[in-house]
Amino acid sequence: MEKWTDEELIRRLADFTTPELCDGAGLYHSMDDRIKPWIGRTKIVGRAVTVDVPSGEGGIVADAILKLREGSVLVVAGKGNCDCSYWGDHRSICAAMMKAVGVVIDGAFRDLEGCEEAGFPIYAKGLTCGTAQKSGAGAINVPVSCGGVTVYPGDLIVGDVNGVCVIRPEEAEMVMARALDKRERQNAVLEEMRRTGKVIPKVPARKTKPE
């Protein structure tokens with residue numbers, strides 16, 4: 001297996017859309033379809049820092065920000081609760097100062113105008129004005145379920161306008177090879193359609209597996 005630096009791996013992943021990566025990864029790698037980009041339309045690619053919180057509890061998310069490194073994506077497993085906010089403009093400013101690349105929230109955030117001004121990418125299920133409890137309950141950098149997908153600390157998180165997908169680092173090379181194969185086959189079909197005028201709705205499978 002080819003060994004890449006983390007920077008090179010991130011760069012290579014960023015060349016693919018989340019649909020292409022999901023084609024390469026198969027089922028159960030894409031988060032809940034309601035988790036979409038609210039702030040920023042720039043693709044995010046980075047290693048996961050996870051935070052598991054009880055529904056409606058957001059205090060520990062502030063502590064998780066201090067665990068971020070350059071290029072991190074904070075993954076907040078908020079149990080899908082959109083009645084309170086797990087994130088706001090101040091946390092966006094702090095996460096940007098930690099040089100993270102984005103936050104993914106299985107739940108809601110608030111302070112839309114302030115978050116837009118901060119410009120830090122936010123992927124979330126909803127927007128609310130309500131606050132969360134601040135008892136500090138929860139855990140940082142543990143396996144979590146976010147948007148229906150299991151996320152381990154250090155997993156590769158890719159988000160774009162289509163949604164968010166999760167890739168295990170050891171699967172990344174295989175996923176990208178399959179995604180590239182699908183892209184090449186689709187391009188070949190499009191070229192044939194332009195050349196012949198024939199409509200080909202299905203992209204045929206390759207007879208041999210890509211190396």
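## A tour of the predicted model

Now show the strand around it: K79 lies in β3, residues 72-85.

**Next stop: D111**

Select D111. Where is it found? D111 sits in the loop between β4 (102-109) and α5 (112-118). Check its backbone too. D111 has a positive phi, near 60 degrees, and is a residue other than glycine. Is D111 buried, partly exposed or exposed? Its relative accessibility is 29%, so D111 counts as partly exposed.

**Into the core**

Now select L74, V76, W87, I105 and I122. The largest nonpolar core has 24 residues, and these five touch the most other members. Colour the elements that give two or more residues to this core: β2 (44-52), α3 (59-65), β3, β4 and β5 (122-127). Which of them gives the largest share? That is α3, with four residues.

Zoom in on L74. Leave aside residues up to four places away in sequence. L74 then touches V49, V51, V61, A64, I65, L68, W87, G102, V103 and V104. Show their side chains and turn the view around L74.

There is also a second, separate core. It has 16 residues, including I35, A48, V75 and V144.

**Last stop: two helices**

Two packed helices are described by the angle between their axes and the distance between the axes. Select α2 (residues 18-25) and α6 (residues 172-196). Their axes come within 7 Å. They cross at roughly 110 degrees. An angle of 65 to 115 degrees counts as roughly perpendicular, so α2 and α6 are roughly perpendicular to each other. What is the handedness of the crossing? α2 passes α6 in a right-handed crossing.

Show the side chains where the helices meet. From α2, pick E20, L21, D23, G24 and A25. From α6, pick V175, M176, R178, A179, K182 and R183. Colour them by class. The contact of α2 with α6 has five nonpolar, one polar and five charged residues.

Key. Residues are numbered from 1 along each chain as its sequence is written. This is a predicted model: local features need pLDDT of at least 70, side-chain atom pairs count only at pLDDT 80 or more; totals for chains, interfaces and linings use all residues. Side-chain values use heavy atoms; hydrogens and water are left out. Axes are lines fitted to C-alpha atoms, for helices over the stretch in contact, and angles run from 0 to 180 degrees between N-to-C directions. Angles under 35 degrees count as roughly parallel, over 145 as roughly antiparallel, 65 to 115 as roughly perpendicular and the rest as oblique. A crossing is left-handed if the near helix is turned anticlockwise from the far one by less than a right angle, and right-handed if clockwise. Contact means heavy atoms within 4.5 Å. Ala, Val, Leu, Ile, Met, Phe, Trp, Tyr, Cys and Pro count as nonpolar, Asp, Glu, Lys and Arg as charged, and the others, Gly among them, as polar. Buried means under 20% relative accessible area, exposed over 50%, partly exposed in between (1.4 Å probe, protein chains only). A nonpolar core is a set of buried Ala, Val, Leu, Ile, Met, Phe, Trp, Tyr and Cys residues joined through side-chain atoms within 4.5 Å.
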